[in-house]
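This briefing concerns the structure shown below.

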Amino acid sequence: MSDTQTPSVDTVTITIDGKEVKVAKGTNVLEAAKSIGIDISAFCYHPGLSIAACCRQCLVTVEKAPKLQPSCQTTVADGMVVQTKDAQSTLARKQMLEFTLLNHPVDCPICDKAGECTLQRLYFDHDNARSRLDVPKVHKPKVVDLGPQIVLDAERCILCTRCIRVCDEVAHEHQLEMRNRGDHEELGTAPGAVLDNPYSMNTVDVCPVGALTAKDFRFTMRAWELELTPSVCNGCATGCNIEIHHKNERTWRLIPRHNPAVNDYWMCDEGRLTYHELRERRLAGAVLGGLPSSWDRALAAAASKLETVLTTDKGRVGVVLSAQHSNEDNYVLSKLARNIWQLERIYLGGKAPAPERADDILRDADVNPNTAGVKAIAAAGGYELLGIDRLEKDLADGTLAALVVLGHELPLSAAALEQAKNLDALVVLAHREVGIAASAHVLLPVAAWAEVHATITNRKGLVQRMQAAYPPPGQALPAWEAVTRLGQACKAALGYTHPKNIFTEMVAAVKPFAGADWGKTARPTQLRFAGSRG
Amino acid sequence: MAELKEYVLGRKNIEDLDNADLQEIPNELMTVNMGPSHPAMHGTVRVVLTVDGERIVKSDVQPGYLHRCFEKESEHATYTQIFPYTDRLNYVSPMINNVGFAMAVEKLLGMEKRLPERAQYIRVLVSEVSRLTDHLTCIGASAMELGAFTVFLYALKAREWFYSLLEELSGARLTHSYVRVGGVVKDLTPDFTTKLTELLEKTEGVIDEVEGLLNNNKIFRNRMEGVGGMDAKEAIAWGCTGPILRASGVDYDVRKDFPYLVYDRFEFDVPVGTSGDCLDRYLVRVEEMRQSIRILRQAMAQLPDGPVMIDDPRVALPEKSEAYNTIEGMIRHFKHIVDGIRVPPGEAYTFVEGGNGELGFFIKSDGTGRPYKCYVRSPSFIALQTVSELIQGHLISDVVPIFGMINMIGGECDK
């Protein structure tokens, strides 16, 4: 910042509330203010969307400009002097809020947005005045079904148009529009359209009030009672960054977390709803021959069955890694299968690809979160992963005698599933009792993705950290720990105690993971005190 | 009598003991636990005494049996939610704790000079009533521990009058949570002053009775006079405040020296002792009750009309009708309850004259609805550290009056 330094052409210096700030050319005043900790109130502005400047909440005084300027639309210019706390802009904020609240219904106690509502926050911080309304409020439709996921309460809407822009600019589908004028202006679907794009639930996130609510989350849980834990979506290979919102060891919704390298501010509806599986047909204890069992008994049974085949006929033992499971889980199982048991038949399991869902926005045809990771681990181990067709064939021709499977997702044909039952040993480590897990001789309960500290590798090869929101149900253990115990029961020298140790060893061994960082372990934060939302 | 001696010393009368017998008398030190389950230990403190016969050689005072993490819990509660916690500090004078905490938050909000007059007067009224209940409990209980059970009954009878009065006012007999940031939660009941006037007169009678029973009572004086003395220099060095410091002859009272609320408008005296022993502490407390009655009478005479809550939307809840019928009132109510009062970042320390001395609250705010740190300077905790020194060399029986007159309150000491 010395005087001799020539000013860069790419940055401009402006003064906001007496503080000088250097920002990149083309930045708007609102973002420039945010960079020095001045939070200018706004409804319609969203950093991930185009600028509408229709809410007029962000008006500020710019010196030499004849009128107040919307700070979201005003681009910084060298030497610009901005006041955000002078009498004029303070009054403008107050008056805009009074306008916005005029026809707002008294809905906070029944509104899903209460507690994370921008309108609540801005009113409390900037206005806090009494109502002066002495005429009846304008009423609008309360329950408008906009599409398969979204319900509109037109009264609550403050007409910021964020939702319209989300559909237009993120989903590239024009499905929402404003109609009428003045205090009769109302949001609705565009002629002939329904709000059914695969990114429609982003409209709920960007809605600054409770006008748009997700059918999935409506009336289920008060927002301020939730806790949030950062994680990564396990719905497909994109690996959108998410926040798990949970309470009492149960997930209530998934919300996208900003990451410009992966998903920006968005995620798809399908990904949001993946949390339901965290509670459906969950496995809380080991199962031995279809009956509940203890860990010790199940492990002993698995070990005795496997050891017989391993000592007599090693070539007929197979292991299935899972693209549904984390790097750590697969690394430990790969190590057991390859380095210790020295097996040849290592397959890759996971959901079958769904090419119809792929688009060039966020959704990927590969509905497994960690295919890239498992492939990298196999490549580093110097072996080739065999596909599902090969597994079908090996089951059909009786090549296999024993199989250890990670994860319940294995798109086998009904015949192959039947054949798997007739193996000498079928040991499955899964968190749900469905698919191959339902046919297992020995079924070991493992933690699901929301319950583990682990990493997954997305389609671009980015290794991303997931955080455990709450402990797994019952006696379930993280899969790496279950594999370790299984190995120990088979007298294999395997001794991991913490996923970070596995991660460190793995990053050193698997070249594509080099430079990946375990990061800090996050503790769940109370949404009420998180401060960022609303 | 001879039989008793024999029993005590083992088969021989004391006159008949010879040298060989003296060897047999147990003379090594003995360690005795006094409390936490001991009637004179206020239920919540353990004193490990090392005694040589009846004489205390060494003692180890161990508080913590009533630790409730007041300070840590405060970091997880909104400013309004902390009031019930403060009730449980010195639970025989909860109103003073309420007032002290509210004043710290108000200082952070910069509104301490703008409080409605009536609210300030009400705060003085309830504080002084609380001081009466505190001192009545202290004197009554201590006298009982020395055998004067009648005094206990008289004092507690008067205390109960005041508890009933405060229950009428706040809805709770003990844990009032009556004060709020910016004022008090509701106005006085219509006949509060009438009832209080009546009670004060009756209480003066009770104080006379108590004094009549104790002041020239030989047993009482023998056990109090010259016991547990502390001179002014020592008391200041220990950091003692309140009746203990004043009994040692130091004229220091927060209400006089750093007047808060409207205390500078009242005429009252600060009683001081001369020798700083247990009797002086008792006498100071009795006189303080009389002074409190004086303050209460003046406060009732001056009590102005007006609102009892500051008209500032940052701290005042909206009227119920507003909260139900307007979105503005609804949001304000919602934000106050869920997020808490928004207190600007900063630090503040305020102190008031509590029942046992200077009660201070330090709050550091980070701009959210709950304190980043809340520290309480509890007079009991500071007074308790002197106990071990004061009882050194005294008899076990002296622990009772000394401890009683230190008036350690578990809730406040353990925080």
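In this predicted model, strand 6 of chain A and strand 7 (residues 150–152) of chain A run antiparallel and are joined by two bridges; strands count as paired if DSSP finds at least two bridges between them. Local features require pLDDT of at least 70 and side-chain atom pairs pLDDT 80 or more, while totals for chains, interfaces and linings use all residues. Side-chain values rest on heavy atoms, without hydrogens and water, residues are numbered from 1 along each chain as its sequence is written, and chains are lettered from A and ligands numbered from 1 in the order in which they are written.

**Sheet in chain A**
- Opposite Asp145(A) stands Val151(A), in strand 7 of chain A.
- The open sheet has three strands in the order 6-7-10 (chain A), with antiparallel pairing; helices (H or I, at least four residues) and strands (E, at least two) are DSSP runs, numbered from the N terminus.
- Its edge strands are strand 6 (144–145) and strand 10 of chain A, each of which pairs on one side only.

**Sheet in chain B**
- Three strands in the order 1-2-3 (chain B) make an open sheet with antiparallel pairing.
- Strand 1 (30–34) and strand 3 (55–62) of chain B each have a single partner strand, so one side of each is left without a neighbour in the sheet.
- From one strand to the next, the twist averages 25 degrees (axes are lines fitted to C-alpha atoms, for helices over the stretch in contact; angles run from 0 to 180 degrees between N-to-C directions).
- Helix 18 (residues 396–406) of chain B packs on this sheet and touches strand 1, strand 2 and strand 3 of chain B; contact means heavy atoms within 4.5 Å.
- The direction of helix 18 makes about 35 degrees with that of strand 1 of chain B.
- Strand 2 (residues 46–52) of chain B is joined to strand 3 of chain B by seven bridges, and Val47(B) has Val61(B) as its bridge partner.

**Contact between the chains**
- Chain B contributes 24 residues and chain A 22 residues.
- The buried area is about 2,100 Å², 65% of it from carbon and sulfur atoms (accessible area, 1.4 Å probe, that two parts lose on being put together, summed over both).
- Ile327(B), Glu328(B) and Phe334(B) lose the most area in chain B, together 30% of what that side buries.
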